[in-house]
Amino acid sequence: MLDFFQSFRGRGPANAVPTETSGDPTRTLDALLRAAVAEGASDLHCEPKEDGLLIRFRLDGEMRDRTRLPLVHRDAFLARGKIFGGMDITEKRLPQDGRAVLRDGVKRFHLRLSTLPTVHGESLVIRLLDQSMPAQAFGQLGFLPDQAAALDRALHGPAGLIYLTGPTGSGKTTTLHSALHALDHHGRVIHTLEDPVEYEFSAIRQTEIREKIGLTFATALRALLRQNPDVLLVGETRDAETAQLAIRAALTGHLVLSTLHTNDALAAIPRLRDLGVEPFLLAAALRLVAAQRLVRRLCPECKAPHSESPRLAAQSLLPDAKLFRAVGCAACRGRGYRGRIAIHEVIPAETFLPLIAANAPLADLVALRDRGTHTTLWQRGLAVAAAGETTVEEVARVL
């Protein structure tokens, strides 16, 4: 794979995108990738416009304009990006996917590239995945002690189904891989089905889904069950066949981890019923459902007490909390936030099994949850705000 960092190392500030290189697509791409790594961007978006190419970075979940290339250099830059990702530069009518590897000292990044035709040309998105980041313990990922203990119990059970819910970009893949690393790799066969494979692990077998050739989650899961794995990670439950195969695997002695796109943890139960899973089978297989979101962390260098803290605390049911607001400084590049924090809702299934088996509506499940001691996403987010790590406004934006 190509190593773009070597050629520019030591040539000026890491976040500079020298305008004199805009005519050289290789040097421009090099500089942009270095800047993205230096600033901690998760994505680099190259968006064609009528008069040129707008480059934006996704920083802590938010899009930020980075630079703009003139129209005369737009096509050459996009072609260089496609070559870098191993894509066909002559194909401009259809979407394409590619990948590459970048190394910067001890750090190693896997890049996922994708193109999509638009009215002004092809859009190119590059996602940066830091492969040097080790798997973290649940406490380091933001789980409360009781949440981490519940997840650990479910993971070390003999079999069953564990679901993690949340939107795209909420860190579900990181959490699931940390969960797999908490298991015994020597005594178990662990296999994942992912679309795409974002982080590669030597101790885990991984299969990348390729729907264009018919290798779907359902097809791969059906074949994988014939290889007698102990633990399966199904990257996403998208259709009825995948859901029913996952339930069957959990009921026949396998530990199955997967994800769903729902608003909270309990919403996964009616979603699975909508996918055709029988309530009595779901009650027999389900061990735990969890939800996850990422909220931006206040910059510790510039955060300031909120002038409306008492009113906000009262509105947010946070009596006596001293709330903070984002300001912006050089350390956070004027954003007021630096980094993100994961917040979770973890629901062990055993309390809800009678209602699940009886096909109870979601409202009944929520009422039972609220009578217990489970921490909801909103409660957890407000607790993080009360601790001065984020703002109430940020919690409300995410949830």
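Because the model is predicted, local features need pLDDT of at least 70 and side-chain atom pairs count only at pLDDT 80 or more, whereas totals for chains, interfaces and linings use all residues. Residues are numbered from 1 along each chain as its sequence is written, and side-chain values use heavy atoms, with hydrogens and water left out.

Helix 2 covers residues 25–39, where helices (H or I, at least four residues) and strands (E, at least two) are DSSP runs numbered from the N terminus. The expected span of a helix is 1.5 Å times one less than its number of residues; for the 15 residues of helix 2 this gives 21 Å, and the end C-alpha atoms are 21 Å apart, which agrees. Of these 15 residues, 12 are buried, so helix 2 is largely enclosed by the rest of the structure; buried means under 20% relative accessible area, exposed over 50%, and partly exposed in between, with a 1.4 Å probe and protein chains only. Among the buried residues are L29, L32, L33 and V37, and also D30, R34 and E39. The N-terminal end of helix 2 is capped by D24, a side-chain oxygen of which lies 3.1 Å from the backbone nitrogen of T26, and just after the helix G40 takes a positive phi of about 75 degrees.

Helix 7, residues 240–251, has 12 residues and should span 16 Å, and its end C-alpha atoms are 17 Å apart, which agrees. Its buried residues are T242, A243, L245, A246, I247, A249 and A250, and what covers them includes strand 7 (160–165), helix 6 (217–225), strand 10 (231–234), strand 11 (255–260), helix 8 (268–274) and helix 9 (279–285). D239 caps the N-terminal end of helix 7, with a side-chain oxygen 3.3 Å from the backbone nitrogen of E241, while G253, which follows the helix, has a positive phi near 100 degrees.

On a 1 Å grid over the protein atoms alone, a cavity is a set of points where a 1.4 Å probe fits but cannot get out, and a pocket is an open set with protein on both sides within 12 Å along at least five of seven lines, lining residues having an atom within 4 Å of a point. The largest cavity has a volume of about 60 Å³ and is lined by F143, L151, I162, L164, T175, L176, A179, L257, L288 and A290. Helix 5 supplies the largest share of this lining, 3 residues, and the lining as a whole divides into 9 nonpolar, 1 polar and no charged residues.

The second largest pocket has a volume of about 160 Å³, and its lining includes D146, Q147, R153, E350 and H374. Helix 4 (145–155) and strand 15 (337–348) each supply at least two residues of that lining, the largest share, 4 residues, coming from helix 4.

D65 is found in strand 3, residues 62–70, and at 56% relative accessibility it counts as exposed. Leaving aside its neighbours within four places in sequence, D65 is in contact (heavy atoms within 4.5 Å) with L54, I55 and R56.

Note on methods
Polar contact = N/O pair within 3.5 Å; in protein donor to acceptor, adjacent residues only side chain to side chain. Points joined across faces, edges and corners; volume = space filled by probe spheres on them. Nonpolar A, V, L, I, M, F, W, Y, C, P; charged D, E, K, R; others polar.
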